[in-house]
Structures are given as structure tokens and as C-alpha cells.
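Biologist: I want to learn how to read a ligand site. Can we go through one together?
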Amino acid sequence: MTIHTPLRSIDALIAQGLVAPDRRAALDAVAARYAVAVTPAMASLIDPADPADPIARQFIPDPAELVTLPQERADPIGDEAHSPVEGVVHRYPDRALLKLVHACPVYCRFCFRREMVGPGGDALNGEKLDAALAYLGDHPEIWEVIMTGGDPLILSARRVREVAGRLAAIPHMRVTRWHSRVPMVDPDRVTPDFAEALRVPGKASYIAIHANHPREFTPAACAALARLADAGHVLLSQSVLLKGINADVQTLSALMRAFVENRVKPYYLHHPDLAPGTAQFRLSLEEGQALVKSLRGHLSGLCQPTYILDIPGGAGKVPVGPTFLSGCETPGAVGLVEDRQGNRHAYPPV
Ligand SMILES: *Cc1c(COP(=O)(O)O)cnc(C)c1O
Ligand code: SF4
């Protein structure tokens, strides 16, 4: 069956056969707490007969989301503490986030901003947008502006052009970066005109594409990525390492290769954040390191992402390995470097 409109309620998911009717009450309780949306492109990828479907697990609500563990936080990466004006997060001196919208085309069940995103929240408009842009303009150390949300690619081309035109007027800002799931989950939005609108005149343009499973690379999504690359954007990847979805060597390898084949350079593989009700997706840092290490063992260097942890509370992002070097803790000691077969090789101190 062809699905034409986004599915935004448990009733709509039941009507499409993606949720069994006897789960209605349990899932309505989840939908009352966290936003739900599945685009037609993603809904049509789900195999309802597969209880472990990796697309369904990303977007179909689950009663496990109502269990919040003590270590989970509403603001897991501490955005709030680093927000000087509404819509701006300025944690690192040389770059700032500009959150243009709260809404997304899909709502990921593992979202790290799940307490902040959803339909209905106001977009950054009028005086609020003026104040956010004034802040960016008043801070000459801001070299890069990262448009995020929510998902800024749900804005119209007209609105994107308007923001882009105003960003173009900030002379110290040299680089723009959009973060989005739209090219994968709603690829028809990315028309050539829209791809063009995302270019901020005079600035280098990067787009970080969020995808978590190789099945998201449908022909339509690949065509959208090609339109963005052809319009002159440098494409980077962003994925979340998710138990039961992509946390195995085969899936991760296929995912990284799919990015590279579509001109998207793997950038970050995020360890899942401590967002409320997301324990079912988390694995340990040791398990994550072992997976990333095996990618290094058998995939092209182009396919290697950096494994990243955003330290809970707001201390920022750091790479969390794996490391191939040991023994250097003592000054003057011989280092040991591990090769991809696990053999160790001595390396002199200087
Ligand atoms: C993730 C993030 C960035 C971007 O970090 P990079 O390491 O440059 O990708 C910038 N600002 C904030 C507040 C962030 O959370
Ligand atoms: S698209 Fe990004 S911000 Fe939106 S729900 Fe998914 S992870 Fe969260």
C-alpha cells in the first residue's frame, strides 16, 4: 500500500498495519509523552512482520520509553547551560548552534533532544531570530554556524534563503553547517532549488546527514544526496550507535560504505546519549570500541567515522577510541602500537 501523508498518531500507525490494534492503549501513553511522526518514505520501508525491524525500532514508539533511569537526563548534553539567547547554543568558542525549529520530519525514539523537540513549538522568527543573529554577529570568534533543531530542512526554500541571506552578512562567519535527517526520511523535499537555497553566499557549506541503517539509502534518498553534493555542499555523516539497529560489524560496515558511495564522508558515530527512556538502545563504551576497532580492521580509510561521546552535563564532545597505542604513559617509555590483527609493535620514545 502506498502511504501519502506522515503518520503522527498511534491510530494512524494502526491504520497502516504498522502497529497491532491491541497495543493502542500502551502506545498512546508513550505518544502522550514523546512526539510521534513517521514519514511515508520510512513507513513504507518497515516490514510489519519483522518484530526486530531496524527502521520500525527507530520510529515506532515502545512502552520501554516510559521507564526513565536515574542516570538519564532531560537535557543530556547540557544545551541549556550554554544558551546565551534563545535559539543559540555556544559551547565551543569557534562555533555555535542556531536552532531554527523544534519540529522534525520523523521523531526518533532515541533522540537526545526528545524533551525539546516536537510539533507545535515556535520556529525562531521575528525578534527572536533578530536577537540570535545579532549574537552571532557580535561574536567575532564564531567562525562556523551549525543550523540544527529540530530539523532545519523542514523549512521552506523561501525561509531558508532568507536566513542564508542574513548569515551571508556576518563577515567573520566563514563556514555553515546544516544538520538534517530530511534527505533520508523525506527525500523529495530536497529539490535542486532547495539544495541551492541551502548555500550561504560566500561561505563554505557542509551538511551533516543523519542516517543509522543501510536500508535508509533508498533510490530516492540517494538521489537527494546527489542533488546536495552536485549543488556544491560537502556532505558529512552522523549516526548514532544503537543496540538492535546498527550495533554489529556487518550493519555498521554497510552503513559506512553506503555513505561513502553517496559522497558522504563518515564524520561522527555517536555513542547514545543518556536521554530519558532510551536504555533499550544503549550499549557499553567497551562494546562500542570493539565495533569501531573492527571497522578499522577491514574497511577503507574513507569509511572510518570518529566514535564520539558527548559528556553528560555539557562538558562537550570527545572521541572515545578505540586506541591502538599503549605504554606511553611513562615519559621515555617505548610505546606499543597495535596493528589490525592485534599484534603489538614497539615504537621508540622519540
Ligand atoms: C555537537 C556540537 C557542536 C559541533 O561539534 P563538532 O565537534 O564541531 O561537530 C557545536 N556546538 C554544540 C553546542 C554541540 O553540541
Ligand atoms: S531528527 Fe534529530 S532532533 Fe529530530 S527526533 Fe531525530 S534525532 Fe531528534
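Biologist: Where does ligand 1 sit?

Modeller: Start with the pocket idea. On a 1 Å grid over the protein atoms alone, a pocket is an open set of points with protein on both sides within 12 Å along at least five of seven lines. A molecule sits in a pocket if more than half of its atoms lie within 2 Å of its grid points. Here, ligand 1 sits in the largest pocket. This is a predicted model: local features need pLDDT of at least 70, and side-chain atom pairs count only at pLDDT 80 or more, while totals for chains, interfaces and linings use all residues. Residues are numbered from 1 along each chain as its sequence is written, ligands are numbered from 1 in the order in which they are written, and side-chain values use heavy atoms, without hydrogens and water.

Biologist: Which elements give two or more residues to the shell around ligand 1?

Modeller: Strands are DSSP runs (E, at least two residues), numbered from the N terminus. The shell takes residues with a heavy atom within 4 Å. Those elements are β1 (88–92), β2 (95–99) and β7 (264–270). β1 gives the largest share, three residues.

Biologist: Which side chains make polar contacts with ligand 1?

Modeller: A polar contact is a pair of N or O atoms within 3.5 Å. Y267 has a side-chain N or O atom 2.7 Å from an oxygen atom of ligand 1. For Y268, the distance is 2.6 Å. For K317, it is 2.9 Å.

Biologist: What surrounds ligand 2?

Modeller: Its shell holds C104, V106, Y107, C108, C111, R181 and H210. Ligand 2 also sits in the largest pocket.

Methods: On a 1 Å grid over the protein atoms alone, a cavity is a set of points where a 1.4 Å probe fits but cannot get out, and a pocket is an open set with protein on both sides within 12 Å along at least five of seven lines; lining residues have an atom within 4 Å of a point. A polar contact is a pair of N or O atoms within 3.5 Å; within protein, one must be able to donate a hydrogen and the other to accept it, and residues adjacent in sequence count only if both atoms are side-chain atoms. Helices (H or I, at least four residues) and strands (E, at least two) are DSSP runs, numbered from the N terminus.
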